[in-house]
Amino acid sequence: MTRSGYRRTAGLLLATALGLTASACGTDEAPAGDDAQPAAEGSAAGPVSITVNCMPPKTNKAQRATFQEDLDAFQKLNPNIKITKATDAFPCYEPRTFEAKLAGGQLETVFYVNFPNVGRLMESGQAADITPYVGELKTFKDYNASIDIFKKDGKIYGLPTDGYGMGLVYNRDVFTKAGLDPGTPPRTWAEVQAAAKKIAALGPGYVGFGEYSGNNVGGWHFTASLYGRGGDVLTPDGRKAAFNTPEGRAVLENLKQMRWTDNSMGSKLYIDWPALMKAMAGGKMGMMLGAPDVLIGLRNDFQAKFDNYAVTAMPEAKALFNGGAGYMINPKATPEQIRAGLKWIEYEFLTPGKGQLDYVRAKGAGLTVGQPYPDLYGADTPSGQEVLKLRTENANVDPAQFALWAEGSKGIPPKAEPGPYAQEIYAILDTPMSAVLTRQDADIDQLLADAEAKVNALLEKKG
């Protein structure tokens, strides 16, 4: 879904992280410096005013402070650009809030977008064509293939700033307590099931494996597990559902068995992203699916002991679910605002040594440095080499926490989220995920058939 520096998302990353209720979303708006005043928008002769979103919330004090520092520094370097409003959010993409602002034309000049939404925004004309301006960005030529998702008919409509690949996140301390070796985490789903049973046997409150069950994140994780087993959500042409298969049944059967036969998943439902993250941070959950940046979210947003966690490759994966996020420009923006917005994106997210890539500052602020993301540039490009150098020189985390994921994910084909209607498809797939975790008599074949019919109807309606 989403991910960014603090998973701005949700993701952040990843997102990118979805499903927080609208009432829980951050709504504070911070002025970008004491002297930031509204200016005549789009004026070529005078200051250009823009607004941005995805400012870290007040609860994330360290990253909010560095973001404010960047706002101030950017405007000093660019005195004719005034960022008059920076809207915070946690996570940065929340479906209901985003859709309401999009429909009402209330999105900021520069707005965060997770990969599944990029296609439909380009298709519907809800993002500005930035093709004439990207040549002005110093780092643009160094992008890896992640830029391709923002291209349509030879034009460019946004810039990726983050990316992720799914893995298995686990608590090393819990593994040790359960007599499991944290240096050799599960590599198959059978091993995940066996490890989960041992963890649950530790006593009240211990959960072997946690999983989402609603608010789109249930369907998101169904997709991740399905891809890993070699399945697909949609047919290659994107016109029909393709998950009512042995691979789809295997995903649900596995969860049903762990929940009801093994009792290794506990009885609590984790309907949204924060719920499962909070449970994992509590120190009694053994495993969950997640990208490597989940470790950062556990520490920064849920106050978990960072050293206790690690991430390994998806069990027996045949394809690696991957996604990410970036920024687009409001189609109402003037050329001057587009240029200003792109300058901000480059400064904050794409310049080695600045913004999210300022690893010297991050290390000094006690933030984590050394995780293998974001991965935006070709390894042999100047930007890619500089990012790797700075990241390596300032690393303050144990590389072993990410090493099994990095090594185990090599060679696994990446697989993108299921098209421009991914969020609506995830909402439909929430139902079978929730059903197998709440009803011991859940009929998996019927659940998949019902979901298949609903997705097919959705796709037919969308044309």
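Here are some questions and answers about this predicted model, its domains, strands and salt bridges.

This is a predicted model in which local features need pLDDT of at least 70 and side-chain atom pairs count only at pLDDT 80 or more, while totals for chains, interfaces and linings use all residues. Residues are numbered from 1 along each chain as its sequence is written, and side-chain values use heavy atoms, with hydrogens and water left out.

Q: Into which domains is the protein chain divided, and how far apart do their C-alpha centres lie?
A: Domain bounds come from an automatic or database domain assignment. Domain 1 covers 48–165 + 323–394, and domain 2 covers 167–322 + 400–462. The C-alpha centres of domain 1 and domain 2 lie apart by 28 Å.

Q: How many residues does the contact take from domain 1 and from domain 2?
A: Contact here means heavy atoms within 4.5 Å. On that basis, the contact takes 20 residues from domain 1 and, from domain 2, 24 residues.

Q: Which three residues supply more than any other three of the area that domain 1 buries against domain 2?
A: Buried area is the accessible area (1.4 Å probe) that two parts lose on being put together, summed over both. Between domain 1 and domain 2 it is about 1,900 Å², and carbon and sulfur atoms give 61% of that. On the domain 1 side, 31% of the area buried against domain 2 is supplied by Pro116, Tyr164 and Gly165.

Q: How many salt bridges does the whole structure hold, and what is the count between domain 1 and domain 2?
A: A salt bridge is a side-chain nitrogen of Lys or Arg within 4 Å of a carboxyl oxygen of Asp or Glu. Searching the whole structure gives 18 salt bridges. Between domain 1 and domain 2, the count is zero.

Q: Which helices does the salt bridge of Arg361 and Asp70 link?
A: The closest N and O atoms of Arg361 and Asp70 are 2.7 Å apart. Helices (H or I, at least four residues) and strands (E, at least two) are DSSP runs, numbered from the N terminus. The two residues are 291 residues apart, and the pair links distant parts of the chain: helix 11 (residues 359–364), which holds Arg361, and helix 1 (residues 61–77), which holds Asp70.

Q: Is Asp70 buried or exposed?
A: Buried means under 20% relative accessible area, exposed over 50%, and partly exposed in between (1.4 Å probe, protein chains only). The relative accessible area of Asp70 is 3%, so Asp70 is buried.

Q: Why does the pair of Glu424 and Lys462 tie together parts that are 38 residues apart in sequence?
A: The side chains of Glu424 and Lys462 form a salt bridge at 3.0 Å, N to O. Glu424 is partly exposed at 31% relative accessibility, and Lys462 is partly exposed at 36%. The two ends sit in separate helices, because Lys462 lies in helix 15 (residues 444–462) and Glu424 in helix 14 (residues 422–438).

Q: In what order do the four strands of the open sheet run, and which are the edge strands?
A: The pairing in this sheet is mixed, and the order is 10-11-9-12. Two strands pair if DSSP finds at least two bridges between them. Each edge strand pairs on one side only, and these are strand 10 (207–209) and strand 12 (309–313).

Q: Which residue in strand 13 stands opposite Tyr112?
A: In a regular strand the side chains alternate between the two faces of the sheet. In strand 5, Val110, Tyr112 and Asn114 point one way, Phe111 and Val113 point the other way, and all are buried. Strand 5 and strand 13 (residues 320–329) run antiparallel and are joined by five bridges. Opposite Tyr112 stands Tyr327.
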